[in-house]
Amino acid sequence: MGTKIYAIVSVDNDFKVSFAEDSLPKKVSGVTLVADTHRAIVRVVKLTKADKKLTPKIKWRLVQENFPLGILLSEETHYFDGRVFTNGEGEHCFLMVALPKNISQAIADIAVEKFESIHKISRLDTIEHLMFAYYARKTEKPHAQWIIYPQDEGFRILHMEAGMPCGAYYMSNRVDMREAELGRVWEVAVPDNVVILRRESFADGLWIEEFVQSRGDAIITCEAIPNLTAIAMH
């Protein structure tokens with residue numbers, strides 16, 4: 001009898017899939033695959049209290065209104081998923097994520113090889129959704145918050161306010177571009193609190209701390225990336 005696990009998977013520019021942990025067990029009863037890719041497109045829309053229980057028809061209307069749908073982004077090219085978030089003040093928002101179908105298929109194919117059965121794959125989620133959910137549960141104060149973590153060759157910024165998702169941005173880590181890119185995000189969403197999640201390949205995140213310190217009085221916290229299963233089960 002195996003256990004249920006969450007496994008982070010990333011896809012490089014050549015669609016090579018890799019798991020964040022090399023020692024994942026094969027004897028599991030269920031695996032939730034978590035896509036960690038900057039190609040996931042995130043949109044957030046605020047809801048009225050009357051809209052907090054969304055029908056599939058309303059959800060699809062919100063997708064159509066908030067994504068640049070066309071030849072490169074449609075039901076034929078991407079999977080769309082969403083979730084309603086509610087904070088302590090009774091406010092609601094709808095988080096939507098579009099994940100390319102070719103990435104989803106590449107992840108599924110390698111996961112079946114690794115875990116030896118399609119029946120062990122419970123579902124495919126995204127790291128953005130799980131991170132938003134985790135920090136929404138941890139956030140009690142109505143401040144503006146950034147959660148920054150490494151992703152692909154750059155990093156992802158999750159913007160939250162009053163314990164709810166507001167937006168997600170992907171920034172490169174190119175020395176000649178990154179401060180300008182971060183500056184553009186700063187103009188859109190100035191945070192009161194910044195959480196920087198680290199791993200070894202993101203050890204140069206000190207420049208982000210220095211950038212934030214130069215712009216104001218935001219509280220900066222540096223943490224290790226939380227265990228994914230702990231995030232999902234928290």
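Start by selecting Arg 123, which is partly exposed at 38% relative accessibility. Keep in mind that you're looking at a predicted model. Asp 125 itself is buried, at 6% relative accessible area.

Next, pick Glu 128 and Arg 156. Their side chains form a salt bridge too, 3.0 Å from N to O. Glu 128 sits in helix α3 and Arg 156 in strand β9 (residues 154–161), so this pair ties together parts that are 28 residues apart in sequence. Buried or exposed, these two, Glu 128 and Arg 156? Both are buried.

Stay there and select Ala 40, which touches Glu 128 and Arg 156, and also Val 97, Ala 98 and Leu 99. You'll find Ala 40 in the loop between β3 (28–35) and β4 (41–47), and it is buried at 3% relative accessible area.

For another salt bridge, go to Asp 176 and Arg 174, at 2.7 Å from N to O. Here Asp 176 is exposed at 57% relative accessibility, while Arg 174 is partly exposed at 46%. In total, the model has four salt bridges.

Last stop, the cores. Select Phe 19, Val 31, Ile 107, Phe 115 and Tyr 135, the residues with the most contacts inside the largest nonpolar core, which has 42 residues. Helix α3 (residues 127–138) gives the most to this core, with eight residues. Apart from it lies another core of 16 residues, including Met 171, Leu 182, Val 185 and Phe 211.

Note on methods
Residues numbered from 1 in each chain as written. Predicted model: local features only at pLDDT ≥ 70, side-chain atom pairs only at ≥ 80, totals over all residues. Heavy atoms only, no water. Helix = DSSP H or I, 4+ residues; strand = E, 2+ residues; numbered from the N terminus. Buried < 20%, exposed > 50% of the residue type's maximum accessible area, 1.4 Å probe, protein only. Contact = heavy atoms within 4.5 Å. Core = buried A, V, L, I, M, F, W, Y, C linked by side-chain atoms within 4.5 Å. Lists of a residue's contacts leave out its neighbours within four places in sequence.
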